[in-house]
Amino acid sequence: MAYTTIFKPTNRIYQYDLLQNEMNRLFDNFFGSQKRSRGIGVFPALNVYQDSDNVFVTAELPGIDVKDLEINVEGDTLHIKGERKLPETGKNVRYHRQERGSGQFSRTIHLPFPVNTEKVSAEMKLGVLTISLPKADEAKPRKINIKTA
Amino acid sequence: MAEKELTVDKKEIQNPQEFTREGPVFNPDVDIYETEEELILIADLPGVQKDDLDIDLNENTLTINAHVKKVNQGTILYKEYDIGDYKRSFTISNVIDQGKIQAELKNGILRVVLPKAETAKPRKIEIRT
């Protein structure tokens, strides 16, 4: 069981089960305790960024063909699925080192905001995948006008 | 050869000589294999542009040095991997024809072809009867 203090001003303690560990980490990072990430045992590793209008999800996927990648968005859930194939090396080769992995992968993450699923876009550049998810209107920051008497 | 599973395990260089630029430096994952004609080195370098990649051959040491430009995408909410430069060195034997080394960077993958020198290629010996 993990207990995490989230809201510092009131010091309320919320209890999370193991399934929600990911959310804990999200909040940990959100409140500034940015630890160095370490091997987390899943592939691909994802980073999530936001600006006022968008959420960006990035992953390092070197050498993965866009055709072998499938991205789905459903409400606030993002699925990434794919396969990394290593090119055929031919017969009669002797390996000195083999450190690069291959195979199928799939990940699902819950986004911290509802997104406008119609306008989600993805780009693969230099082996880095960036998925741009525009926030739904209700999640965007709104400027409050102050009325004067 | 058994295939390796996909893992995320960026190996940060723990005790490097100091770099002038701050931030983490990683050892990229590589495959190296040998055919009769050449030695092929393949390295994963996601986020590296061609202009930021240096491959250097000094005496018998082949060094890969790659800088990753950080893209500003707002504030980070959740982090599973770090972004940093890449550096790795290999000692290359004399059997490589050092003048004919070729490299190609595509979609985050570096491929270096190191042709074997003529003298090092396997030769079939005729047996006279």
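1. A quick definition to start: two strands count as paired if DSSP finds at least two bridges between them. With that in hand, look at chain B of this predicted model: five of its strands make an open sheet in the order 1-2-8-6-5, and the pairing is mixed.

2. The edges of that chain B sheet are strand 1 (11-12) and strand 5 (48-58). Each has a single partner strand, so one side of each is left without a neighbour in the sheet.

3. Further in, strand 6 (residues 61-68) and strand 8 (residues 85-91) of chain B run antiparallel, joined by six bridges.

4. Now the contact between the chains. Chain A puts in 42 residues and chain B 36 residues. On the chain A side, helix 1 (21-30) and strands 3 (46-50), 4 (54-60), 7 (94-98) and 8 (103-110) each supply at least two residues. By class, that side of chain A has 18 nonpolar, 15 polar and nine charged residues.

5. Strand pairing also crosses from one chain to the other: strand 3 of chain A runs antiparallel to strand 7 (residues 75-79) of chain B, with four bridges between them. Here A:Tyr49 stands opposite B:Ile76.

6. A word on confidence. Chain A averages a pLDDT of 77, and 72% of its residues score at least 70. The stretch to read with that in mind is residues 1-18 of chain A, where pLDDT stays under 50. For those residues the model has 17 contacts beyond four places in sequence.

Technical notes: Residues numbered from 1 in each chain as written. Chains lettered and ligands numbered in written order. Predicted model: local features only at pLDDT ≥ 70, side-chain atom pairs only at ≥ 80, totals over all residues. pLDDT = per-residue confidence, 0-100. Contact = placed C-beta atoms within 7 Å. Nonpolar A, V, L, I, M, F, W, Y, C, P; charged D, E, K, R; others polar.
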